[in-house]
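Here's a quick tour of a multi-chain model, written for someone who likes to know the cut-offs behind the numbers. Have the viewer open as you read.

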Amino acid sequence: MTAVALAWRRAPVSLVAGVVILAALAVCALAPGLIAPYDPLAFDYGALLQPPSAPHPFGTDQFGRDILSRTIAAATVDLQIAIFATLGPLVIGAIVGLLVGYYGGLADAVFGRLVDLVVTFPFLVLVIAIVAVLGPGLSNMYIAIGVVGWVFYARLMRAEVMVLRGQDYVSAAKVLGYPERRILLRHILPNAARPILVYWMTDMALAILLGSSLGYLGLGAQPPTAEWGVLIADGKNFFSQAWWITVFPGAAIVLCGMGFSLFGDGLADLMDVRR
Amino acid sequence: MTERPQPILEVRDLRVRFATSRGEVRAVDGVNLALAPGDTLGLVGESGSGKSVTLRAILRLLRSNATTTGEARWRGQDLLAMPEKRLRALRGREIAMIFQEPMSALNPVIPIGVQIAESLQAHTALDAAGRRRRAIELLDLVGIPSAAQRLAGYPHEFSGGMRQRAMIAIALAAEPKLLLADEPTTALDVTIQDQILKLLLRLSRELGMAMVLVTHDLGVVAETCERVSVMYAGRVVETGPVDRVFTAPGHAYTDALLRSMPHGGVARAPLRPIPGLPPRLDRPLQGCPFTPRCAYAEGRCGAEAPPFAPVAPGQEAACWASDRLARREVPA
Amino acid sequence: MSKAGLIAARLLQIVPTFLLIGVVVFVLARLLPGDPVSAMLGDRASDEAVNRLRQQMGLDRTIFEQFAIFLENAVRGDFGTSIAFRVPVTSVIAERLPVTLALTGLATLIALGLAVPLAFVAGLNANRWPDFLIRSVFQVGLSSPVFYVGLILLTVFAAWFRWFPVGGYGEGVADILWHLLLPAVTLALSFAAVIMRNLRASVLEVLNAEFVDFARAKGLSRRVILTRHVLRNALISTVTLVGLHAGSLLGGAVITESVFAVPGMGRLMVDSIFARDYPMIQALTLILAVVVSLAFLVTDLVQMALDPRVAR
């Protein structure tokens with residue numbers, strides 16, 4: 001425990017702040033029923049468009065649904081977006097980047113062209129275009145993001161592997177006749193993983209921004225699913241009279257994004273990753 | 001010392017401490033230096049001995065994590081105490097400095113000509129045409145061929161030796177009275193090193209410019225300097241005329257340093273690396289800092305710091321074993 | 001290679017890039033669910049009409065022939081007829097393109113105007129309170145979704161204070177600016193955050209560079225050092241950054257235009273998806289990618305002009 005206590009004290013402030021924010025959101029996401037005071041989908045025609053008050057700290061919407069409960073319930077979907085939209089790209093990108101960076105050659109040349117091509121398409125536009133093909137919805141959104149997103153991980157991994165490939169200990173392992181699989185997994189992967197892990201945090205923040213944007217446009221999560229972007233879209237027509245329907249879910253997005261960014265910054269500090 | 005003329009630069013009890021994450025580091029710990037007009041002083045020592053920090057401290061170029069105390073008197077005025085604005089008027093105008101790595105010391109995106117001209121603009125009344133003429137003159141002076149065409153060139157278009165010449169030209173723009181040269185030849189090939197040293201020597205003679213030459217290469221000092229100060233662990237341990245210090249060192253460290261050099265001053269002696277490492281500077285040192293590595297060390301060396309004392313005319317050293325060095329008298 | 005050679009090589013690079021963009025968009029269109037003809041004509045079209053259109057679109061040829069026809073049409077600016085507008089796709093986009101370019105251009109100017117001075121203040125005061133303050137504000141900006149910022153600005157400055165129109169586009173420069181200012185500010189905030197973060201880092205890096213020490217040793221004034229030595233070096237990296245973000249800026253424009261009902265390409269894209277206007281989506285994707293690759297090209301050329309080290 002002392003080691004943990006020591007690590008905690010040495011940890012960068014941003015890391016601590018990030019952990020606290022994400023932990024709070026994770027509790028909301030894992031057990032919304034325990035914290036949320038109301039059923040997020042329950043209509044209450046006796047309390048329509050109520051401003052924030054003691055029984056409804058975040059107010060209610062045009063159907064009398066409790067905004068606090070809906071914001072908490074949406075955390076489940078949005079954190080799910082953060083993970084599901086990035087995990088596939090992380091794994092695929094890491095593998096491709098590792099192989100391309102280590103073996104180089106034709107595959108690397110092809111990969112280079114692919115990166116050039118992918119960055120030419122505005123990410124959101126490409127994702128929207130793919131969603132247009134597949135049809136709106138969360139799972140199609142994951143596919144659309146994944147089709148493009150892995151490239152960025154692979155690019156990062158490739159650069160890191162290229163540097164490591166020339167390092168003495170890798171050459172030594174080669175001279176000792178270690179099998180390539182062992183060199184790749186034991187010697188290169190652990191050392192190349194740090195920048196990609198830090199980027200993963202940033203990417204989760206981006207995924208939430210992207211996911212809620214698509215939700216807002218009606219291309220991501222579909223109502224009545226409580227998702228922060230969807231909640232904001234629901235409330236936008238009432239913004240002038242009932243700002244709370246929109247403002248609180250939006251604040252949740254900002255908070256969540258900051259949580260991931262701060263955590264990522266702290267991690268970068270801790271792992272000494274340059275960005 | 002009495003026969004020497006009034007010094008133009010006099011550094012007294014210079015101390016520099018750096019605040020680091022691992023505590024305070026005493027990089028320079030009580031340095032004294034004196035320089036007469038036109039004098040050439042070599043400042044030698046291993047890396048980390050505080051030579052470069054001393055130079056930068058004199059011109060107050062250190063970062064904000066450094067604390068500098070002591071005095072650095074330039075013609076009687078303390079550089080360390082004067083307002084930034086007055087110091088700025090002296091920098092480049094009276095005291096110039098050149099760095100080890102011209103590639104990083106020159107701005108990569110500004111043409112060489114502009115980098116010379118901005119110095120002239122800061123310190124002279126020349127108009128644009130005059131500055132251009134003078135810049136060509138300066139490049140000529142440091143031996144850069146077809147100077148007029150090279151003015152528009154960028155640092156990366158110059159070879160290593162030419163870059164160092166260009167940096168010297170920039171430093172000399174306002175005809176300073178003192179040049180602080182921080183390892184000016186370390187980053188260069190051996191043949192080019194020699195050219196640059198000869199150039200510096202020639203310029204200091206022609207322009208009557210004093211020079212402090214920081215280096216870890218005793219050969220360079222032997223070739224170029226009249227006087228030498230040897231630094232160890234942030235202190236000057238010995239100072240004197242080069243021919244005296246290199247033939248009859250007064251400090252055990254100088255002696256060891258000379259023996260470790262393939263072509264050191266001591267003729268045909270076997271090459272002997274100095275055992276051990278320099279002391280860590282993040283904790284207070286007791287006695288002479290060289291004691292743990294010293295072949296001549298005796299009881300009091302580790303307990304009591306030896307005073308800086310004359311060993312010969314113009315030569316001083318802080319060593320309890322000064323008189324035993326010549327006789328190779330090592331304690332049992 | 002000489003500078004002229006580099007520029008020529010860079011200009012030639014645009015050809016394969018355009019070709020590959022064409023491939024991607026073509027493949028994307030072929031992946032559409034169902035038959036594009038029935039999508040365009042609806043289920044109740046006569047067989048004769050379907051066949052005629054299939055022939056017209058070249059769907060009865062091989063995939064390579066189809067691609068060649070697609071490319072040929074694209075080069076001529078012919079992307080077919082919009083399902084929603086019933087006019088050539090190109091004529092609709094031609095109206096919308098200047099709107100989006102004006103919006104993103106204005107947003108870039110605002111972002112630079114905000115980020116450059118503040119990055120300097122932050123970098124020069126690194127780890128003191130102005131730095132912390134500026135970084136914290138921009139951190140919030142970086143984590144705020146564009147549509148959320150847009151809605152707040154829209155409500156506060158357009159609906160409550162009535163300083164700006166609630167949406168749409170104007171006539172004449174002043175009116176257009178008045179209409180675009182809020183959307184442009186919305187779009188600029190997160191972009192400014194990205195620029196600020198990077199520029200601050202590069203200001204810090206330059207301040208610690210040895211050439212700044214040498215400049216100080218030369219006796220240059222702080223003003224000269226900052227404007228000539230620090231600003232110039234730090235801005236070179238910013239130019240690259242601005243160019244690299246052309247894509248995310250256009251992506252942001254899609255959302256901003258939707259929030260503020262700005263009649264640009266982004267809003268058109270979203271509308272087209274709900275209208276299943278596939279020819280329009282295809283053309284928009286292609287044109288936006290071409291715009292980005294042109295932005296990359298301009299960035300590289302500007303970088304070559306600014307940074308003497310580029311010519312190797």
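This is a predicted model: local features need pLDDT of at least 70, side-chain atom pairs count only at pLDDT 80 or more; totals for chains, interfaces and linings use all residues.

## Chain B meets chain C

Between chain B and chain C there are five salt bridges, a salt bridge being a side-chain nitrogen of Lys or Arg within 4 Å of a carboxyl oxygen of Asp or Glu. Residues are numbered from 1 along each chain as its sequence is written, chains are lettered from A and ligands numbered from 1 in the order in which they are written, and side-chain values use heavy atoms, with hydrogens and water left out.

On the side of chain B that touches chain C, β6 (95-98), α3 (102-105), α4 (112-123) and α7 (160-172) of chain B each bring at least two residues. Helices (H or I, at least four residues) and strands (E, at least two) are DSSP runs, numbered from the N terminus. The largest share of that side, seven residues, comes from α4(B). Sorted by class, the side of chain B that touches chain C has 17 nonpolar, eight polar and seven charged residues. For that sorting, Ala, Val, Leu, Ile, Met, Phe, Trp, Tyr, Cys and Pro count as nonpolar, Asp, Glu, Lys and Arg as charged, and the others, Gly among them, as polar.

## Area and a buried aspartate

Chain B puts 32 residues into the contact and chain C puts in 23, with contact meaning heavy atoms within 4.5 Å. Chain B and chain C bury about 2400 Å² between them, 54% of it on carbon and sulfur atoms; buried area is the accessible area (1.4 Å probe) that two parts lose on being put together, summed over both. B:Arg63, B:Val109 and B:Glu118 supply 26% of the area that chain B buries against chain C, more than any other three residues.

B:Arg63 turns up again around C:Asp213, which is in helix α9 (residues 210-217) of chain C. Leaving aside its neighbours within four places in sequence, C:Asp213 is in contact with B:Arg56, B:Leu61, B:Arg63 and B:Phe99. C:Asp213 is buried, at a relative accessible area of 3% (buried is under 20%, exposed over 50%, partly exposed in between, with a 1.4 Å probe and protein chains only).

## Chain C meets chain A

Of the two pairs of chains that touch, A and C have the most contacts. Here 44 residues of chain C are in contact with 37 residues of chain A, and the two chains bury about 3500 Å², 79% of it on carbon and sulfur atoms. No contact joins chain A and chain B, whose closest C-alpha atoms lie 12 Å apart.

Chain C and chain A have one salt bridge: C:Arg197 pairs with A:Asp265, the closest N and O atoms being 2.9 Å apart. There are also five residue pairs in polar contact across the interface of chain C and chain A, both partners at pLDDT 80 or more. The side of chain C that touches chain A gets its largest share, eight residues, from α13(C). By class, that side divides into 32 nonpolar, 10 polar and two charged residues.

## Helix α12 of chain C

Seven of the 10 residues of α12(C) (residues 265-274) are buried, so this helix is largely enclosed by the rest of the structure. Among them are C:Met265, C:Leu268 and C:Ile273. The buried residues of α12(C) pack against α6 (123-134) and α9 (180-217) of chain A, together with α5 (89-124), α11 (246-260) and α13 (278-306) of chain C. After α12(C) comes C:Arg276, whose phi is positive, near 50°.

Key:
A polar contact is a pair of N or O atoms within 3.5 Å; within protein, one must be able to donate a hydrogen and the other to accept it, and residues adjacent in sequence count only if both atoms are side-chain atoms.
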